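Have the structure open while you read.

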Amino acid sequence: QFMKRAQEAEMNLLKANNNTFVAAYVITQSMQQVSPEFLKERYNLLGDEAKASASGMAIADMIARYEMLEPGHVAPNFITQTVEGDTISLHGIKGKVKILDFWASWCPPCRRQTPYLKQLFERYDKRQFSIVGISFDTNREEWKEYIQKNQIKWAQLIDQKGWESTAILTYAIQGIPHLILLGPDGKIIANNPSEKQLSNILSNQLKQ
């Protein structure tokens, strides 16, 4: 209720001062914590001068990034390191249906999701399907220990920048775990589906 009242007050403030750079700046302070739909609603309140400000252009850029992550778009590429320290790019993993798993070893919901992903990894043909783990971890040793202890066999990537990770910023991840399903053509099939939705899509995409 408090958050709802705060958001209503903020919306009224934006409406009353919609063509000021301050209004655009206020929106930027929470634009990575709100849904794309809510961000668009706020942005559409702004006048032309506010939209032309640095903050206004930053909001427009964030909205464009969200739109590029919708199903049907080619997934943005990124380059980072594997557990072994090798450099790899997302687009270098070709010809497979892929799950991008944004997670961290310190995240309880991510830990609870590990058995489900292991189940999927074992169910489908490795020539057709792969999982790519992208970690929020900053402690490389704790991350490696969790992977080894839980016998996680799919590709794991890390740059130890936490929430400032290039991949995480590229995909505008707001919370973890977060799964993105890609087709063999590199296009996004689903962005953060539920386990049930993901299982249904995979059963249609792949032969068990």
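What follows covers the helix packing and then the salt bridges.

This is a predicted model, so to speak of local features takes pLDDT of at least 70 and side-chain atom pairs count only at pLDDT 80 or more, while totals for chains, interfaces and linings use all residues. Residues are numbered from 1 along each chain as its sequence is written, and side-chain values use heavy atoms, with hydrogens and water left out.

Start with helix 3 (residues 36-45) and helix 5 (residues 54-68), which pack at about 145° with axes 10 Å apart. Helices here are DSSP runs (H or I, at least four residues), numbered from the N terminus; axes are lines fitted to C-alpha atoms over the stretch in contact, and angles run from 0 to 180 degrees between N-to-C directions. From helix 3, Pro36, Leu39, Lys40 and Tyr43 meet residues of helix 5 including Ile59, Met62 and Tyr66 (contact is heavy atoms within 4.5 Å).

Now the salt bridges (a side-chain nitrogen of Lys or Arg within 4 Å of a carboxyl oxygen of Asp or Glu). The count is four, among them these:

| Pair | Closest N and O atoms |
|---|---|
| Arg42 and Glu10 | 2.3 Å |
| Asp61 and Arg65 | 3.4 Å |
| Asp125 and Arg127 | 2.8 Å |

Arg42 in helix 3 and Glu10 in helix 1 (residues 2-16) are 32 residues apart, linking distant parts of the chain. Arg42 is buried at 3% relative accessibility, and Glu10 is partly exposed at 22% (buried is under 20% relative accessible area, exposed over 50%, partly exposed in between, with a 1.4 Å probe and protein chains only). Asp61 and Arg65 both sit in helix 5, four residues apart.

Key:
Helix = DSSP H or I, 4+ residues; strand = E, 2+ residues; numbered from the N terminus.
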